[in-house]
Amino acid sequence: MISRQPTGERLLLEELPDRWRDLREAGPVRYDETQGVWQVLDHAGVATVLADPATYSSDLSALAPTQSDFETFRQGNFVGMDPPEHRKLRTLVSQAFTPRVVQGLGPRIEAVCARLLDAVADRDRFDLVDALAYPLPIIVIAELLGIPAEEHRLFQEWASVLFGGDQLGEAPDMADLERALEAIAPTVREMNGYMLDHIRARRAHPGDDLTSRLIAAEVDGVRLADQEMVGFVALLLVAGHITTTALLGNAVVTFDRHPGTDAALRADPARIPAAVEEVLRWLPPFPELGRRVTRPVVLGGRDIPAGTLLMAHLGAANRDPTRFDTPDVFDAARNPNPHLTFGHGIHFCFGAPLARLEARIALRMLHERFRILAVPCYEDIAYQNPAVIIGVRHLPVEVGRP
(Lines give C-alpha, C1' and ligand atoms only; values in the text may rest on other atoms or scores of the structure.)
Protein backbone atom coordinates (compact mmCIF):
# COMPACT_ATOMS: atom_id res chain seq x y z
CA MET A 1 0.00 0.00 0.00
CA ILE A 2 1.35 3.41 -0.95
CA SER A 3 -0.10 6.49 0.71
CA ARG A 4 0.00 9.80 -1.14
CA GLN A 5 -0.41 13.05 0.76
CA PRO A 6 -2.98 15.47 -0.69
CA THR A 7 -1.99 19.13 -0.89
CA GLY A 8 -2.92 21.19 2.15
CA GLU A 9 -3.23 18.26 4.57
CA ARG A 10 -0.83 17.23 7.31
CA LEU A 11 1.83 14.75 6.34
CA LEU A 12 1.40 11.13 7.32
CA LEU A 13 4.75 11.40 9.11
CA GLU A 14 3.23 14.17 11.25
CA GLU A 15 -0.10 12.45 11.86
CA LEU A 16 1.45 9.25 13.21
CA PRO A 17 3.19 10.86 16.22
CA ASP A 18 -0.10 12.54 17.12
CA ARG A 19 -1.79 9.14 17.11
CA TRP A 20 0.96 7.74 19.33
CA ARG A 21 0.57 10.65 21.76
CA ASP A 22 -3.18 10.01 21.93
CA LEU A 23 -2.55 6.33 22.63
CA ARG A 24 -0.19 7.18 25.47
CA GLU A 25 -2.67 9.55 27.05
CA ALA A 26 -5.12 6.66 27.39
CA GLY A 27 -2.81 5.07 29.98
CA PRO A 28 0.43 3.08 30.14
CA VAL A 29 -1.22 -0.19 29.06
CA ARG A 30 -4.32 -0.74 26.93
CA TYR A 31 -6.08 -3.52 25.11
CA ASP A 32 -6.68 -2.96 21.40
CA GLU A 33 -10.06 -4.52 20.69
CA THR A 34 -9.65 -4.19 16.92
CA GLN A 35 -6.45 -6.20 16.66
CA GLY A 36 -6.88 -8.26 19.80
CA VAL A 37 -3.49 -7.31 21.30
CA TRP A 38 -2.18 -5.58 24.41
CA GLN A 39 -0.18 -2.40 23.95
CA VAL A 40 2.45 -1.08 26.37
CA LEU A 41 2.86 2.66 25.81
CA ASP A 42 5.03 4.22 28.51
CA HIS A 43 8.83 4.33 28.51
CA ALA A 44 9.31 2.40 31.76
CA GLY A 45 6.82 -0.28 30.76
CA VAL A 46 8.35 -0.80 27.32
CA ALA A 47 11.85 -0.98 28.82
CA THR A 48 10.60 -3.54 31.35
CA VAL A 49 9.09 -5.71 28.64
CA LEU A 50 12.17 -5.61 26.41
CA ALA A 51 14.52 -6.37 29.31
CA ASP A 52 12.66 -9.51 30.47
CA PRO A 53 12.75 -12.20 27.74
CA ALA A 54 11.69 -14.91 30.20
CA THR A 55 8.31 -13.23 30.74
CA TYR A 56 7.98 -11.51 27.37
CA SER A 57 9.22 -13.92 24.72
CA SER A 58 10.45 -12.87 21.27
CA ASP A 59 9.47 -16.27 19.86
CA LEU A 60 6.08 -15.57 18.30
CA SER A 61 5.91 -18.78 16.25
CA ALA A 62 3.12 -20.17 18.45
CA LEU A 63 0.96 -17.09 17.74
CA ALA A 64 1.80 -16.45 14.09
CA PRO A 65 0.60 -18.34 11.00
CA THR A 66 3.08 -21.00 9.85
CA GLN A 67 4.70 -21.08 6.42
CA SER A 68 7.50 -23.48 5.46
CA ASP A 69 9.68 -20.91 3.71
CA PHE A 70 9.62 -18.68 6.78
CA GLU A 71 10.65 -21.61 8.99
CA THR A 72 13.92 -21.85 7.06
CA PHE A 73 14.50 -18.13 7.48
CA ARG A 74 13.63 -18.33 11.18
CA GLN A 75 16.40 -20.83 12.02
CA GLY A 76 19.05 -18.12 12.05
CA ASN A 77 16.89 -15.10 12.80
CA PHE A 78 17.94 -14.45 16.40
CA VAL A 79 15.59 -11.44 16.57
CA GLY A 80 12.83 -13.99 17.15
CA MET A 81 14.74 -16.15 19.63
CA ASP A 82 15.01 -16.35 23.41
CA PRO A 83 17.95 -17.46 25.55
CA PRO A 84 19.85 -19.77 25.39
CA GLU A 85 19.48 -20.09 21.60
CA HIS A 86 19.67 -16.31 21.22
CA ARG A 87 22.96 -16.14 23.15
CA LYS A 88 24.61 -18.73 20.92
CA LEU A 89 23.79 -16.95 17.67
CA ARG A 90 24.36 -13.44 18.96
CA THR A 91 27.74 -14.37 20.42
CA LEU A 92 28.85 -16.05 17.21
CA VAL A 93 27.79 -13.10 15.12
CA SER A 94 29.41 -10.64 17.55
CA GLN A 95 32.79 -12.26 16.87
CA ALA A 96 32.54 -11.33 13.21
CA PHE A 97 30.55 -8.09 13.29
CA THR A 98 32.62 -6.12 15.77
CA PRO A 99 32.53 -2.35 16.48
CA ARG A 100 35.97 -2.16 14.87
CA VAL A 101 34.57 -3.70 11.67
CA VAL A 102 31.73 -1.15 11.61
CA GLN A 103 33.98 1.85 12.22
CA GLY A 104 36.31 0.61 9.52
CA LEU A 105 33.49 0.96 7.01
CA GLY A 106 33.50 4.77 7.23
CA PRO A 107 35.76 5.40 4.21
CA ARG A 108 33.84 2.89 2.10
CA ILE A 109 30.49 4.48 3.05
CA GLU A 110 31.88 7.86 2.00
CA ALA A 111 33.08 6.41 -1.32
CA VAL A 112 29.71 4.81 -2.07
CA CYS A 113 27.90 8.05 -1.16
CA ALA A 114 30.19 10.02 -3.44
CA ARG A 115 29.58 7.66 -6.36
CA LEU A 116 25.80 7.72 -5.89
CA LEU A 117 25.71 11.51 -5.62
CA ASP A 118 27.98 11.83 -8.67
CA ALA A 119 25.26 10.02 -10.62
CA VAL A 120 22.83 12.91 -9.97
CA ALA A 121 25.43 15.67 -10.20
CA ASP A 122 23.78 17.21 -13.26
CA ARG A 123 20.23 17.16 -11.90
CA ASP A 124 18.34 19.86 -10.03
CA ARG A 125 15.69 17.37 -8.93
CA PHE A 126 15.83 13.65 -8.16
CA ASP A 127 14.28 10.96 -5.94
CA LEU A 128 16.39 10.81 -2.78
CA VAL A 129 15.26 7.26 -2.00
CA ASP A 130 16.13 5.86 -5.43
CA ALA A 131 19.35 7.85 -5.73
CA LEU A 132 20.81 7.37 -2.22
CA ALA A 133 18.67 6.11 0.66
CA TYR A 134 17.99 2.67 -0.86
CA PRO A 135 21.23 1.80 -2.67
CA LEU A 136 23.71 3.11 -0.07
CA PRO A 137 23.00 0.67 2.79
CA ILE A 138 22.35 -2.26 0.44
CA ILE A 139 25.67 -1.81 -1.34
CA VAL A 140 27.57 -1.40 1.94
CA ILE A 141 26.05 -4.50 3.54
CA ALA A 142 26.36 -6.59 0.37
CA GLU A 143 30.05 -5.77 0.11
CA LEU A 144 30.50 -6.51 3.82
CA LEU A 145 28.95 -9.95 3.32
CA GLY A 146 30.95 -10.68 0.18
CA ILE A 147 27.82 -10.61 -1.97
CA PRO A 148 28.04 -8.95 -5.43
CA ALA A 149 26.98 -5.36 -4.78
CA GLU A 150 25.94 -4.94 -8.42
CA GLU A 151 22.94 -7.13 -7.62
CA HIS A 152 21.60 -4.53 -5.18
CA ARG A 153 18.47 -4.05 -7.32
CA LEU A 154 17.54 -7.66 -6.61
CA PHE A 155 17.96 -7.10 -2.87
CA GLN A 156 15.90 -3.92 -3.14
CA GLU A 157 13.11 -5.89 -4.83
CA TRP A 158 13.16 -8.42 -2.00
CA ALA A 159 12.92 -5.67 0.61
CA SER A 160 10.10 -4.00 -1.31
CA VAL A 161 8.07 -7.21 -1.22
CA LEU A 162 8.88 -8.09 2.39
CA PHE A 163 8.33 -4.62 3.85
CA GLY A 164 5.99 -3.03 1.32
CA GLY A 165 2.85 -4.18 3.15
CA ASP A 166 0.86 -4.14 -0.08
CA GLN A 167 -1.36 -6.95 1.19
CA LEU A 168 -2.06 -5.23 4.52
CA GLY A 169 -4.19 -2.39 5.79
CA GLU A 170 -3.04 -0.11 8.61
CA ALA A 171 -4.54 -2.41 11.28
CA PRO A 172 -4.02 -5.98 10.02
CA ASP A 173 -5.61 -8.97 11.72
CA MET A 174 -4.43 -12.60 11.65
CA ALA A 175 -6.28 -13.35 8.41
CA ASP A 176 -4.48 -10.43 6.76
CA LEU A 177 -1.16 -11.76 7.99
CA GLU A 178 -1.86 -15.23 6.63
CA ARG A 179 -2.66 -13.81 3.18
CA ALA A 180 0.45 -11.64 3.28
CA LEU A 181 2.68 -14.59 4.19
CA GLU A 182 1.36 -16.63 1.28
CA ALA A 183 1.86 -13.70 -1.08
CA ILE A 184 5.49 -13.10 -0.14
CA ALA A 185 6.48 -16.76 0.33
CA PRO A 186 7.96 -17.08 -3.20
CA THR A 187 10.23 -14.11 -2.50
CA VAL A 188 11.39 -15.62 0.79
CA ARG A 189 12.04 -18.93 -1.00
CA GLU A 190 14.14 -17.17 -3.65
CA MET A 191 16.04 -15.24 -0.99
CA ASN A 192 16.72 -18.38 1.09
CA GLY A 193 18.07 -20.22 -1.95
CA TYR A 194 20.30 -17.32 -2.95
CA MET A 195 21.74 -16.98 0.57
CA LEU A 196 22.33 -20.72 0.94
CA ASP A 197 24.24 -20.83 -2.36
CA HIS A 198 26.35 -17.85 -1.24
CA ILE A 199 27.14 -19.41 2.14
CA ARG A 200 28.13 -22.75 0.59
CA ALA A 201 30.37 -20.96 -1.91
CA ARG A 202 32.09 -19.06 0.89
CA ARG A 203 32.52 -22.24 2.92
CA ALA A 204 34.28 -23.84 -0.06
CA HIS A 205 36.30 -20.71 -0.85
CA PRO A 206 36.60 -18.41 2.20
CA GLY A 207 37.35 -14.75 1.70
CA ASP A 208 37.92 -11.63 3.78
CA ASP A 209 34.24 -10.90 4.34
CA LEU A 210 31.64 -11.14 7.09
CA THR A 211 30.10 -14.37 5.74
CA SER A 212 33.49 -16.12 5.84
CA ARG A 213 34.11 -14.84 9.37
CA LEU A 214 30.69 -16.10 10.45
CA ILE A 215 31.52 -19.53 9.06
CA ALA A 216 34.74 -19.57 11.08
CA ALA A 217 33.24 -18.15 14.30
CA GLU A 218 32.93 -20.58 17.22
CA VAL A 219 31.47 -20.55 20.74
CA ASP A 220 31.97 -23.48 23.13
CA GLY A 221 33.03 -25.63 20.19
CA VAL A 222 29.86 -24.82 18.28
CA ARG A 223 29.68 -23.16 14.86
CA LEU A 224 26.75 -22.00 12.78
CA ALA A 225 25.24 -24.50 10.38
CA ASP A 226 24.54 -23.34 6.82
CA GLN A 227 20.78 -23.25 7.40
CA GLU A 228 21.24 -21.19 10.56
CA MET A 229 23.36 -18.70 8.67
CA VAL A 230 20.70 -18.22 5.98
CA GLY A 231 18.38 -16.40 8.36
CA PHE A 232 21.04 -14.12 9.76
CA VAL A 233 22.67 -13.20 6.44
CA ALA A 234 19.25 -12.52 4.92
CA LEU A 235 18.22 -10.51 7.97
CA LEU A 236 21.33 -8.34 7.80
CA LEU A 237 21.08 -7.81 4.06
CA VAL A 238 17.37 -7.09 3.74
CA ALA A 239 16.10 -5.97 7.15
CA GLY A 240 19.41 -4.34 8.05
CA HIS A 241 19.38 -1.87 5.19
CA ILE A 242 15.73 -0.84 5.45
CA THR A 243 16.32 0.99 8.75
CA THR A 244 18.92 3.28 7.19
CA THR A 245 16.71 3.82 4.15
CA ALA A 246 13.80 4.89 6.36
CA LEU A 247 16.02 6.97 8.65
CA LEU A 248 17.50 9.00 5.79
CA GLY A 249 14.13 9.71 4.19
CA ASN A 250 12.55 10.58 7.53
CA ALA A 251 15.45 12.91 8.36
CA VAL A 252 15.22 14.88 5.12
CA VAL A 253 11.45 15.31 5.43
CA THR A 254 11.64 16.22 9.13
CA PHE A 255 14.42 18.77 8.62
CA ASP A 256 12.46 20.30 5.75
CA ARG A 257 9.34 20.60 7.93
CA HIS A 258 11.27 22.33 10.74
CA PRO A 259 12.68 25.57 9.32
CA GLY A 260 16.18 26.42 10.42
CA THR A 261 17.17 22.82 11.23
CA ASP A 262 18.99 22.16 7.97
CA ALA A 263 20.82 25.50 8.11
CA ALA A 264 21.95 24.86 11.70
CA LEU A 265 23.36 21.46 10.78
CA ARG A 266 25.18 22.90 7.77
CA ALA A 267 26.71 25.58 9.96
CA ASP A 268 27.87 23.00 12.51
CA PRO A 269 28.13 19.42 11.14
CA ALA A 270 29.13 18.23 14.61
CA ARG A 271 25.42 18.53 15.50
CA ILE A 272 24.39 15.89 12.96
CA PRO A 273 24.71 12.89 15.34
CA ALA A 274 22.30 14.46 17.86
CA ALA A 275 19.90 15.33 15.04
CA VAL A 276 19.99 11.73 13.82
CA GLU A 277 19.08 10.52 17.32
CA GLU A 278 16.15 12.93 17.45
CA VAL A 279 14.86 11.70 14.09
CA LEU A 280 15.08 8.16 15.45
CA ARG A 281 13.08 9.19 18.52
CA TRP A 282 10.60 11.21 16.46
CA LEU A 283 9.93 8.58 13.78
CA PRO A 284 11.10 5.09 14.76
CA PRO A 285 11.12 3.00 11.54
CA PHE A 286 9.62 0.03 13.40
CA PRO A 287 7.42 1.64 16.07
CA GLU A 288 6.16 -1.59 17.67
CA LEU A 289 7.88 -4.79 18.81
CA GLY A 290 5.80 -7.90 19.44
CA ARG A 291 6.25 -10.16 22.46
CA ARG A 292 4.44 -13.29 23.69
CA VAL A 293 3.47 -13.22 27.36
CA THR A 294 4.67 -16.47 28.97
CA ARG A 295 2.95 -16.13 32.36
CA PRO A 296 0.15 -14.04 33.85
CA VAL A 297 1.45 -10.58 34.72
CA VAL A 298 0.22 -7.27 36.04
CA LEU A 299 1.59 -4.40 34.00
CA GLY A 300 0.50 -0.79 34.23
CA GLY A 301 -2.28 -1.88 36.57
CA ARG A 302 -3.73 -4.30 33.99
CA ASP A 303 -3.96 -8.09 34.28
CA ILE A 304 -2.44 -9.64 31.17
CA PRO A 305 -2.96 -13.39 30.68
CA ALA A 306 -0.31 -15.85 29.54
CA GLY A 307 -0.15 -16.79 25.86
CA THR A 308 -1.31 -13.42 24.56
CA LEU A 309 0.39 -11.07 22.11
CA LEU A 310 1.73 -7.84 23.54
CA MET A 311 3.07 -4.93 21.51
CA ALA A 312 5.77 -2.74 23.04
CA HIS A 313 5.04 0.62 21.39
CA LEU A 314 8.33 2.43 20.84
CA GLY A 315 6.66 5.38 19.14
CA ALA A 316 4.53 6.15 22.18
CA ALA A 317 7.31 5.41 24.67
CA ASN A 318 9.59 7.84 22.84
CA ARG A 319 7.14 10.62 23.69
CA ASP A 320 6.67 9.81 27.35
CA PRO A 321 6.78 13.16 29.25
CA THR A 322 8.25 11.42 32.30
CA ARG A 323 11.41 10.68 30.28
CA PHE A 324 11.57 13.54 27.77
CA ASP A 325 11.22 17.29 28.21
CA THR A 326 8.72 18.71 25.69
CA PRO A 327 8.36 15.28 24.05
CA ASP A 328 6.08 16.55 21.28
CA VAL A 329 8.66 19.08 20.09
CA PHE A 330 11.31 18.09 17.54
CA ASP A 331 14.61 19.22 19.09
CA ALA A 332 17.61 18.46 16.87
CA ALA A 333 19.96 19.19 19.78
CA ARG A 334 18.11 17.07 22.37
CA ASN A 335 20.42 15.75 25.07
CA PRO A 336 20.00 13.38 26.75
CA ASN A 337 17.88 11.36 24.35
CA PRO A 338 17.12 7.92 25.83
CA HIS A 339 14.85 6.79 22.98
CA LEU A 340 14.02 3.12 22.59
CA THR A 341 13.97 3.01 18.78
CA PHE A 342 16.74 0.41 18.60
CA GLY A 343 15.22 -1.62 21.42
CA HIS A 344 16.56 -2.46 24.85
CA GLY A 345 18.14 -5.45 26.54
CA ILE A 346 19.43 -8.57 24.80
CA HIS A 347 17.65 -7.70 21.54
CA PHE A 348 19.10 -4.21 21.17
CA CYS A 349 19.39 -3.72 17.41
CA PHE A 350 22.53 -5.38 16.16
CA GLY A 351 22.81 -3.05 13.18
CA ALA A 352 22.34 0.21 15.13
CA PRO A 353 25.99 1.35 14.93
CA LEU A 354 26.06 0.81 11.16
CA ALA A 355 22.72 2.60 10.59
CA ARG A 356 23.90 5.56 12.66
CA LEU A 357 27.22 5.75 10.81
CA GLU A 358 25.61 5.58 7.39
CA ALA A 359 23.03 8.25 8.25
CA ARG A 360 25.62 10.65 9.70
CA ILE A 361 27.93 10.32 6.70
CA ALA A 362 25.12 10.54 4.13
CA LEU A 363 23.59 13.67 5.69
CA ARG A 364 26.98 15.37 5.99
CA MET A 365 27.79 14.65 2.35
CA LEU A 366 24.37 15.83 1.18
CA HIS A 367 25.05 19.14 2.93
CA GLU A 368 28.52 19.38 1.40
CA ARG A 369 27.25 18.69 -2.11
CA PHE A 370 24.11 20.80 -2.07
CA ARG A 371 23.66 24.34 -0.81
CA ILE A 372 19.89 23.73 -0.83
CA LEU A 373 18.07 20.44 -0.27
CA ALA A 374 14.30 20.84 -0.18
CA VAL A 375 11.08 18.92 -0.74
CA PRO A 376 9.34 20.98 -3.45
CA CYS A 377 5.93 19.25 -3.41
CA TYR A 378 4.69 17.16 -0.53
CA GLU A 379 1.94 15.55 -2.53
CA ASP A 380 4.65 13.79 -4.57
CA ILE A 381 5.89 11.86 -1.54
CA ALA A 382 4.91 8.18 -1.52
CA TYR A 383 4.86 6.49 1.90
CA GLN A 384 5.47 2.98 3.12
CA ASN A 385 2.58 1.21 4.82
CA PRO A 386 2.88 2.42 8.44
CA ALA A 387 1.59 -0.96 9.65
CA VAL A 388 4.95 -2.38 8.51
CA ILE A 389 7.50 0.43 8.55
CA ILE A 390 7.54 4.21 9.04
CA GLY A 391 9.23 5.80 6.06
CA VAL A 392 8.92 7.11 2.54
CA ARG A 393 9.01 5.01 -0.59
CA HIS A 394 9.64 7.92 -2.92
CA LEU A 395 10.96 11.36 -1.99
CA PRO A 396 11.50 13.85 -4.85
CA VAL A 397 13.87 16.61 -3.72
CA GLU A 398 15.10 19.82 -5.29
CA VAL A 399 18.73 20.84 -4.85
CA GLY A 400 20.93 23.88 -5.35
CA ARG A 401 24.71 23.72 -5.56
CA PRO A 402 27.33 26.08 -4.09
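**View 1. Helices H12 and H16 are oblique to each other because their axes cross at roughly 40°.** Oblique is the word for angles left over once those under 35 degrees (roughly parallel), over 145 (roughly antiparallel) and 65 to 115 (roughly perpendicular) are set aside. In this predicted model, local features need pLDDT of at least 70 and side-chain atom pairs count only at pLDDT 80 or more, while totals for chains, interfaces and linings use all residues. Residues are numbered from 1 along each chain as its sequence is written, and side-chain values use heavy atoms, with hydrogens and water left out. H12 covers residues 226-257 and H16 covers residues 352-369, and their axes come within 9 Å. Axes are lines fitted to C-alpha atoms, for helices over the stretch in contact, with angles from 0 to 180 degrees between N-to-C directions. Helices are DSSP runs (H or I, at least four residues), numbered from the N terminus. The crossing is right-handed: the near helix is turned clockwise from the far one by less than a right angle.

**View 2. Here is where H12 and H16 meet.** On the H12 side, look for Thr-243, Thr-244, Leu-247, Leu-248, Ala-251, Val-252 and Phe-255; on the H16 side, find Ala-355, Glu-358, Ala-359, Ala-362 and Leu-363. Contact means heavy atoms within 4.5 Å. By class, this contact has nine nonpolar, two polar and one charged residues. Nonpolar means Ala, Val, Leu, Ile, Met, Phe, Trp, Tyr, Cys and Pro; charged means Asp, Glu, Lys and Arg; the others, Gly among them, are polar.

**View 3. Thr-243 is a buried residue of H12.** Its relative accessibility is 11%, and buried means under 20% relative accessible area (1.4 Å probe, protein chains only). Leaving aside residues up to four places away in sequence, Thr-243 touches Pro-285, Phe-286, Phe-342 and Ala-355.

**View 4. Helix H14 is mostly covered.** Nine of the 11 residues of H14 (residues 272-282) are buried, among them Ile-272, Glu-277 and Trp-282. The buried residues of H14 pack against H1 (12-25), H12, H13 (261-267) and H16. H16 is itself largely enclosed by the rest of the structure, because 13 of its 18 residues are buried.

Technical notes
Helix = DSSP H or I, 4+ residues; strand = E, 2+ residues; numbered from the N terminus. Buried < 20%, exposed > 50% of the residue type's maximum accessible area, 1.4 Å probe, protein only.
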